[in-house]
Amino acid sequence: MSNLVEILSIIVVIGFQTFCGYIRNKYLGSILPIMFILFIGYFLFKGSLAFNFRDIIMPFIGTFTLLMIYQGGKEAKENKIKKELDKMKAKDIL
């Protein structure tokens, strides 16, 4: 059951970040990276994380991944708009 919850939470995070990028809302898109950094800081000060290679690199990779998912949604919207404009230009030429 816990594996299902983990998979669903990952799908929700990816979907939310992609949607925020798609609608180009920077404020909504910054919620998850900021929350991720705050959780990592909390776990670091609580003592759950140590100063080893994995625990130092993980926050950078996680934040970078969330930002790239946001960017992917933004680029998907731009590609859709570009295709629609190309269709409109093709109809205008003919």
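A residue counts as buried when its relative accessible area is under 20%, as exposed when that value is over 50%, and as partly exposed in between, using a 1.4 Å probe and protein chains only. What we have here is a predicted model, so local features need pLDDT of at least 70 and side-chain atom pairs count only at pLDDT 80 or more, while totals for chains, interfaces and linings use all residues. Residues are numbered from 1 along each chain as its sequence is written, and side-chain values use heavy atoms, with hydrogens and water left out.

Now for the overall layout. The chain holds four helices and zero strands, and the order from the N terminus on is simply α-α-α-α. Here helices are DSSP runs of H or I with at least four residues, strands are runs of E with at least two, and both are numbered from the N terminus. Along the principal axes, the C-alpha atoms fill a box of roughly 65 × 30 × 25 Å. The radius of gyration of the chain is 19 Å, whereas a compact globule of 94 residues would come out near 12 Å. That radius is taken over C-alpha atoms, and the globule rule is 2.2 Å times the number of residues to the power 0.38.

The UniProt record (an unreviewed entry) places the feature "transmembrane region" at residues 6-23, 30-50 and 56-73. UniProt positions follow the numbering used here, feature names are shortened, and annotations may be inferred rather than shown by experiment. Residues 30-50 are 76% helix and 0% strand, and their end C-alpha atoms are 26 Å apart.

Next come the gaps between atoms. Rolling a probe the size of a water molecule over the atoms shows where empty space is left. The search runs on a 1 Å grid over the protein atoms alone: a cavity is a set of points where a 1.4 Å probe fits but cannot get out, and a pocket is an open set with protein on both sides within 12 Å along at least five of seven lines. The largest pocket has a volume of about 270 Å³, where grid points are joined across faces, edges and corners and the volume is the space filled by probe spheres set on the points.

Which helices supply the lining of the largest pocket? At least two residues each come from α1 (2-22), α3 (31-46) and α4 (53-93). Lining residues, meaning those with an atom within 4 Å of a point, are S9, I10, V13, I14, L32, M35, F36, F39, G62, T65, L66 and I69. They divide into nine nonpolar, three polar and no charged residues. In this scheme Ala, Val, Leu, Ile, Met, Phe, Trp, Tyr, Cys and Pro are nonpolar, Asp, Glu, Lys and Arg are charged, and the others, Gly among them, are polar. T65 sits in helix α4 and is partly exposed, at 37% relative accessible area. The C-alpha atoms of T65 and I14 are 9.7 Å apart, although 51 residues separate the two along the chain.

Two salt bridges turn up in the structure, a salt bridge being a side-chain nitrogen of Lys or Arg within 4 Å of a carboxyl oxygen of Asp or Glu. One of them joins the side chains of R24 and E78, at 3.4 Å from N to O. R24 lies in the loop between α1 and α2 (26-29) and E78 in helix α4, so this pair ties together parts that are 54 residues apart in sequence. Both ends are partly exposed: R24 has a relative accessible area of 42%, and E78 has 35%. The other bridge links E84 and K87, at 4.0 Å from N to O. Both E84 and K87 belong to helix α4, three residues apart, or about one turn of the helix. E84 is partly exposed too, with a value of 40%.

Most residues other than glycine have a negative phi. The phi of R24, however, is positive, near 60°.

Finally, V12 belongs to helix α1 and is exposed, with a relative accessible area of 55%. Between the C-alpha atoms of V12 and Y42, 30 residues apart along the chain, the distance is 23 Å.
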